[in-house]
Protein chains: 2
Amino acid sequence: MSFELLSENRSFGGSQKVFRHPSNSCGCDMTFAAYLPPQAEDGPVPVLWYLSGLTCTHENAMTKAGLQEHASRHGLAVIYPDTSPRGTGVADDEAYDLGQGAGFYVNATRDPWRSHFRMYDYVVNELRGAVLENLPLLDRHGITGHSMGGHGAIIMAVRNPDLFDSLSAFAPIANPTQSDWGRKQLSAYLGDDETEWSDYDSTLLLEEHGWKSDILVDQGASDQFLDLLRPEALAKTMAKCRLPGTVRIQRGYDHSYYFVNTFAGDHVAWHAERLN
Amino acid sequence: MSFELLSENRSFGGSQKVFRHPSNSCGCDMTFAAYLPPQAEDGPVPVLWYLSGLTCTHENAMTKAGLQEHASRHGLAVIYPDTSPRGTGVADDEAYDLGQGAGFYVNATRDPWRSHFRMYDYVVNELRGAVLENLPLLDRHGITGHSMGGHGAIIMAVRNPDLFDSLSAFAPIANPTQSDWGRKQLSAYLGDDETEWSDYDSTLLLEEHGWKSDILVDQGASDQFLDLLRPEALAKTMAKCRLPGTVRIQRGYDHSYYFVNTFAGDHVAWHAERLN
């Protein structure tokens with residue numbers, strides 16, 4: 001598979017690129033962003049995956065999360081996938097939290113979603129393989145994300161400890177099987193048998209499988225979506241199961257990119273320490 | 001005058017706010033953004049003015065320029081004004097580079113612009129006075145900006161050395177009287193007598209008045225608008241007049257916020273050193 005370069009901007013000595021490519025998993029063209037730090041000019045570098053939240057494309061974090069400065073300093077690439085398949089032939093819903101822009105990083109098994117909504121396979125297998133083939137990257141991966149993307153990061157890492165080496169999340173949807181950010185979508189994408197949902201719930205997955213290394217989670221104490229995110233479920237499970245890691249409740253911070261941007265440096269450093 | 005708070009987000013320990021207020025200069029409501037660093041909780045802090053470029057509102061730089069991180073470290077507030085008056089009763093033009101979003105930081109003297117397009121007075125006098133009255137700020141000001149905003153920063157500082165103490169610019173429109181980013185707008189806003197234009201041309205003003213301190217200018221070598229910006233006129237004048245300062249031509253960088261973001265830390269540090 002080859003990538004079509006859509007844009008390229010110099011950033012902190014490296015290059016912020018946007019690519020498009022045909023996706024087998026999603027059955028449509030997909031767009032993603034890739035930051036390559038200056039170190040990538042001298043040889044392959046480790047990769048940090050950043051999964052975005054509801055309503056976002058590849059572009060929001062690329063312009064607003066401020067990861068490039070830190071990735072440049074630490075010599076990490078950053079890959080920013082889109083949050084769903086897109087296009088006129090792709091199913092959608094009027095709600096902002098279902099359909100296009102709201103893929104929830106699952107492999108849908110129900111109509112009308114199952115023909116395109118396979119973001120789990122897309123990120124873990126197809127795009128991971130494609131960027132390794134086309135970009136100067138080492139096969140060493142950290143993963144993080146914000147909100148729905150924090151959920152995606154945790155489920156992908158915990159289910160694939162052989163593929164991911166470091167893990168963090170910003171205000172993840174931590175327990176979607178018990179939240180209105182989850183029950184509606186998992187029901188639509190996977191059907192009403194709730195036993196099918198547990199593969200996509202960070203808290204349940206961590207309780208069952210643990211994680212091979214440690215986890216960093218930041219959560220704003222003034223987040224307007226705390227009831228939907230359920231950080232208390234994740235924190236309780238990490239403590240109960242004695243999972244190494246750090247959960248930080250950050251006074252005064254909300255759910256916005258100002259929160260992500262503020263702690264982006266800590267997360268990139270966390271991953272760099274574990275990947276380099 | 002009092003401000004109406006439109007939004008507030010915690011950012012790097014400080015607060016990114018957006019305010020609206022009625023403006024006498026512009027004859028309409030104006031919106032601007034203000035970043036207050038954590039140090040402002042303990043007492044007033046110096047101010048860095050950031051003037052934005054064509055098509056921008058107060059919001060673009062606030063979300064994409066990455067100034068907050070550095071302003072937080074150095075204890076500077078940042079004020080991000082809008083780039084023009086706005087509203088249904090305000091004159092406009094179909095072109096992106098004239099009318100709303102393109103005020104060029106002048107006081108217009110020609111119809112249909114003169115009733116609202118007074119961005120020079122608005123920033124230098126009205127908004128400067130209002131933020132000093134309403135926010136925990138010291139009466140010590142640096143000024144910078146990007147593109148049309150770099151032009152605004154230089155003309156405001158050079159014409160008001162008693163009001164501004166430090167000066168820098170990102171890819172400024174450096175010589176608008178000799179550029180298609182300038183001649184059209186100055187003609188529309190000020191009329192066809194070109195002697196009226198020289199008060200709004202950074203290169204001509206620096207040649208005539210100099211600047212009391214030193215100037216930092218960054219310019220991308222791969223900027224897609226180099227012919228319109230005319231950095232060579234500014235650089236020549238600074239050298240010819242022996243004006244202290246630094247002009248950096250940055251290999252590979254274009255005109256985007258990726259360029260501004262990359263060098264934002266250097267500019268904030270430059271101002272902090274001169275304001276603190």
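Which residues does Glu41(B) touch, not counting residues up to four places away in sequence? Let's start with that, then move to where the two chains meet.

## A look at Glu41(B)

The answer is Arg10(B) and Gly13(B), once you leave out residues up to four places away in sequence. Keep in mind that this is a predicted model.

Where does Glu41(B) sit? You'll find Glu41(B) in the loop that joins β3 (28–36) to β4 (45–51) of chain B. Glu41(B) counts as exposed because its relative accessibility is 58%, and the cut-off for exposed is over 50%. Now compare sequence with space: Pro136(B) is 95 residues away from Glu41(B) along the chain, yet the C-alpha to C-alpha distance is 8.1 Å.

## Where chain B meets chain A

Each chain brings 22 residues to the contact: 22 from chain B and 22 from chain A. Together they bury about 1800 Å², and carbon and sulfur atoms give 50% of that area. On the chain B side, the residues that lose the most area to chain A are Arg10(B), Phe12(B) and Tyr258(B), with 39% of what that side buries between them.

## What the contact is made of

Polar contacts do turn up, with ten residue pairs between the two chains (both at pLDDT 80 or more).

On chain B, four elements each supply at least two residues of the side that touches chain A: β1 (4–11), α1 (59–64), α2 (67–74) and α9 (257–275). By type, that side of chain B has five nonpolar, eleven polar and six charged residues.

How values were computed:
Residues numbered from 1 in each chain as written. Chains lettered and ligands numbered in written order. Predicted model: local features only at pLDDT ≥ 70, side-chain atom pairs only at ≥ 80, totals over all residues. Heavy atoms only, no water. Contact = heavy atoms within 4.5 Å. Buried area = accessible area lost by both parts, 1.4 Å probe. Polar contact = N/O pair within 3.5 Å; in protein donor to acceptor, adjacent residues only side chain to side chain. Nonpolar A, V, L, I, M, F, W, Y, C, P; charged D, E, K, R; others polar. Buried < 20%, exposed > 50% of the residue type's maximum accessible area, 1.4 Å probe, protein only.
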